[in-house]
Amino acid sequence: ISLRALESLMTEFFHSCTTNERKREIEELLNNFAQQMGAWRHCLYFLSNTQNEYVMMYSLTVFENLVNKMWLGVASQDKMEIRCCLPKLMLAQHKAMPFFIRNKLCKVIVDIGRQDWPMFYHDFFTNTLQLIQSPAMAPLGLVLLKTTSEELASPREDLSVARKDELRKLLLEQIPTVLGLLTGILETVWDKHSVTAATPPPSPTSGERGEKLLGSLLQGTQYSKLLSQPMPALDGDSEHLCSLALECLAHLFSWIPLSTNITPSLLASIFHFARFGCDLRVNSGQLDRSRLGVLAMTCVNELVSKNCVPLEFEEYLLRMFQQTFFLLQRLTRENNAHTVKGRLQDLDESYVEKFTDFLRLFVSVHLRRIESNDQFPVVEFLALLFKYTFNQPTHEGYFACLDIWSIFLDYLTTKIKSRLADRDSVLNRYKDALVLLLTEVLNRIQFRYNQSQLEELDDETLDDDQQTEWQRYLRQSLEVVAKVMELLPSHAFSTLFPVLQEDLDVYLGLQQFIVTSRTCRRLNITAENDCRRLHCALRDLSSLLQAVGRLAEYFIGDVFAARFNDALAVVERLVDVTCYGSQISLYDLETAVPSVLKPDLIDVHAQSLAALQAYSHWLAQFYSEVQRQNQSRFISLVTSTMDATAPLITAKIPEKLLLSACHLMVSMATTVRPVFLVTLPAVRNVFNFIIENQTRRLPQEAHMLVCRALSNMLLLPWPNLPESEQQWQTRSSSHASLLAALTRHYCLLRSPANQPPRRLGLDDTKAMLHQTLPVLRDIVDSISAESTKSRQICYQSLQESVQVSLGLFPVFIHQPDVTDEMLSFFLTLFQGLRVQMGVPFTGQIIHTFLSMFTREQLAASILQEGSAGCRVVEKFLKILQVVVQEPGQAFKPFLPSILSLCMEQVYPILAERSSPDVKAEMFELLYQVLHHNWRYFFKTSVLASVQRGSAEDAMENEAQFSAAMQAFGQSFLQPDIHIFKQNLSYLESLNSKHKLYHRFLNGCHGVDSNQRTVLCRNFKLERDLPSFTQSVHRLVNDLRYYRLCNSSLPTGTVKL
């Protein structure tokens, strides 16, 4: 292939008019050329003689492929020539090359070093160091250095572990020299551009607290010098050089251990450049300088992220923190020209993010070792952090700072729990900071203090966690409030409750403004200002109700008695509010601004129910405390709660409010479980509504919740009562009646085998399935961990529905959306009620499923990735996982069919596809088969194993075992890291229990006997988990490496 022909082909390939078919032809031509052993000589010529970027990139890709995949088979003379020619080419042409071509060429040279340094390429690293020391070539040297750090410190799987270890060791030997050179570059540039005229230190402002802080943080002349030095003005070349040096340092710091090689002068240089991000951008020439600040903070963060700090480095660490807090001082200092918020807003956003990352790392990793040091004033640091947090210019920045406070509060809570004797002295040290934090966070979630910012938050679009921006803001704020509550319960409660009362008074006073006419009920508040104030009060009340709900956990357990009165006051107030809302139906009023006030009124009502639900555990504890005493107060609370809840359970109620009422009812039935609950008139009304309205139902989610609540009232054991007082017989017949009503129409679908039900059309039948099965599944799921009696009654009530479902399964096998729903139901049955179903019927279900899932059926399902078909296969595999874990012999006859399904039907379809979810379930099933049925493969008696000593057990079903091991081995060659991790843990578990690895190695394909011996020799059965995991990683890595080597050699070179 000639240069001109290649240029023409490459130009044609990337031309917009070239068809895909022609592109494939060109691609095949180029690939065939690249596979020829002498292709590299042509590529060397092309690189030296072309200006076409496509040709350059292609030629370098040929070299990259040669070095990384074929290098073992290249003649040593050719290797020597390549090692000589490519660096020469780079030195001659690097200035004329586009930067991405230069970087690719650097990578190819580094890849050669990765294979051959130091034995065959002894001057590889020396050349790089020499380039760095040459002023004209330093930028190129730094690019090579960074690439070397990236490719040699953590190489990919195409090297053996021994070689990886050797490279890391060789690099570490060079680190002192490298760090010295990088320090020299930074210091030289700084000194060259520094303003030499003496500059007076900044004058102290009148009594500013921060200036005193500087005195305690910045002891010693070097810090005073740092403070007083003005920033140098760098030219473009110097800035580029320093950027490259800082990028190198950031990558080196990501893997080298902390040691005294990281000298005070290097740290000082990094902090000099970190100041570039702190200063406001004065003119356009300074715009790029902030990038140096970002890079410097990246270096700092790489160092601070390391948890393992040698004793000799601790002093350096303290010095680093002192220098960083000098920067924090600068960031949060106010002056006449700028507020703190204005200053942060004007800084580069990336710099502020890096600084916040630093603060998070400092608090999470190092606060425990620095806190006790007299030279570091923690309380003053918290004052700066407070200022930094509440002046963040963006919501994301504020969220990130709240996370830091959460980490600090967790640290404080853990510290106090481990040192209970010092509790008061620790708390007193931080009390002022905590009180300030609580007050400010509470203010930030209230519209009365912060309306303009809160109105900006989006309350409609859901993020990946299914919450809006406003919900996230509120949740993170309330987490901080809750953590302060745990540390200062009385203070937090006395701060929050009066604010709640104030907004409640507004809400409870609305009744006087309701005007009733013949046609409607109207809220007679119309003035714009009044409507705005009411909107703010209602939004705040909603938030404060959520806050009160979030604090419920701090009134139960050991502190129940001590905080009883506070909790009772809260619960009584919440019951009053929910009753008030339901009685006067505020959700139904007409208002002056319906688009704003109506959602506000609905939200407050819903949040009052949700807050009351949060106290269900407190009510449960209250119930147990008064079990044998006067229960009148408790009965009154529960009765009023149900009176407030039951009227809301109708289809006419707004869904948000309806769901809150349903959830509260579920909690009363599941968590509190009062004996008398089912006898309350309000609850009887709900039973009647559900039983009589099967055609005019609630929305699906609400219907499911109410059915769960009613079922649980009849199934769950009553607390603190003996078995003889549980009234199981009465409750069993009531439950059967409830389920009969819920499944009346569904059970009419029973039909002859493989025939669609005649009474309804196919679509109506599907709709009935989708309506009924989720409800039944939810009922089973909610009692699956309960007593045998509860599960027994549940299965008796469900028996007919289960039979109907199994009969319908073959009818819908080709409709994945229905099969998905049916398998979800059966999976829940297997997980919760398999004992109650009995062995014969369970066997019948498994037999039906195995016969229905043919290879064609599985293929059709799996090939629609992410579809209902895939979910069907996943659930089927999950059901089989439950089956193979069963002890005893009942389900052992199914093992051959299950293994055959896995290895002959599912695995061949998955092997060449990503299908991560189905793959994960299939390997989980294989693991469970091996883990719980080892004797199916290795039968041995105790006596025989004692007599044989360590000899191998006799193997049965060897073909299936080998196929399973091959599937596991193959998964380690795939790119899916999650499957890799999962399967590694499965093999570790099997090895610890069954000594798997020597069997696994004997079954390994793609390696010769000598390589297998080396793998066995290097695999050490370590006793501690980290060493063992490292040993397994080495095994898997070297197995991949040997297979790669063997595939790169000419056919017949190795005998496998």
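Which residues in helix 8 meet helix 12, and which residues in helix 12 do they meet? In helix 8 they are A138, P139, L142, V143, L145, K146, S149 and E150, and in helix 12 they are H240, L241, L244, A245, E247, C248, H251 and L252; contact here means heavy atoms within 4.5 Å. By class, these residues comprise 10 nonpolar, three polar and three charged. Ala, Val, Leu, Ile, Met, Phe, Trp, Tyr, Cys and Pro count as nonpolar, Asp, Glu, Lys and Arg as charged, and the others, Gly among them, as polar.

The model is predicted, and local features need pLDDT of at least 70, side-chain atom pairs count only at pLDDT 80 or more, and totals for chains, interfaces and linings use all residues. Residues are numbered from 1 along each chain as its sequence is written, and side-chain values use heavy atoms, with hydrogens and water left out.

The protein chain as a whole comes first. Its secondary structure comes to 47 helices and four strands; helices (H or I, at least four residues) and strands (E, at least two) are DSSP runs, numbered from the N terminus. Along the principal axes, the C-alpha atoms fill a box of roughly 95 × 85 × 70 Å. Of the 1056 residues in the protein chain, 54% are buried. Buried means under 20% relative accessible area, exposed over 50%, and partly exposed in between, with a 1.4 Å probe and protein chains only. Among contacts between residues at least 6 apart in sequence, 75% join residues at least 24 apart.

The pair in the opening question can now be placed. The axes of helix 8 (residues 138–153) and helix 12 (residues 236–253) come within 9 Å and cross at roughly 15°. Axes are lines fitted to C-alpha atoms, for helices over the stretch in contact, and angles run from 0 to 180 degrees between N-to-C directions. Helix 8 and helix 12 are therefore roughly parallel to each other; angles under 35 degrees count as roughly parallel, over 145 as roughly antiparallel, 65 to 115 as roughly perpendicular and the rest as oblique. Their crossing is left-handed, a term used if the near helix is turned anticlockwise from the far one by less than a right angle, with right-handed used if clockwise.

Helix 8 also packs against helix 7, at an angle of about 140° and with the axes 7 Å apart. That angle makes helix 7 oblique to helix 8. On the helix 7 side the contact is made by F124, F125, T128, L131 and I132, and on the helix 8 side by A138, L140, G141, L142, L144, L145, T148 and L152. These residues divide into 10 nonpolar, three polar and no charged. The crossing of helix 7 and helix 8 is left-handed.

H94 lies in the loop between helix 5 (76–93) and helix 6, and counts as buried at 11% relative accessibility. Leaving aside neighbours within four places in sequence, H94 is in contact with L89, R102, M137 and L140. The C-alpha atoms of H94 and R521, 427 residues apart along the chain, are separated by 81 Å. P118 lies in the loop between helix 6 (99–116) and helix 7 (124–133). A cis peptide bond, with omega about 0°, joins W117 and P118.

Helix 15 (residues 314–331) is largely enclosed by the rest of the structure, because 16 of its 18 residues are buried.

Another packed pair is helix 29 (residues 655–672) and helix 31, whose axes are 8 Å apart at an angle of about 20°. Helix 29 is therefore roughly parallel to helix 31, and passes helix 31 in a left-handed crossing. The contact has 12 nonpolar, three polar and two charged residues.

Two further loops hold residues with a positive phi. Most residues other than glycine have a negative phi, and most peptide bonds are trans. Q727, in the loop between helix 31 (700–715) and helix 32 (728–742), has a positive phi of about 55° although it is not a glycine. Q727 is partly exposed, with a relative accessible area of 46%. N957 is found in the loop between strand 4 (954–955) and helix 43 (958–971), and its phi is near 50°, a positive value in a residue other than glycine. N957 is partly exposed, with a relative accessible area of 31%.
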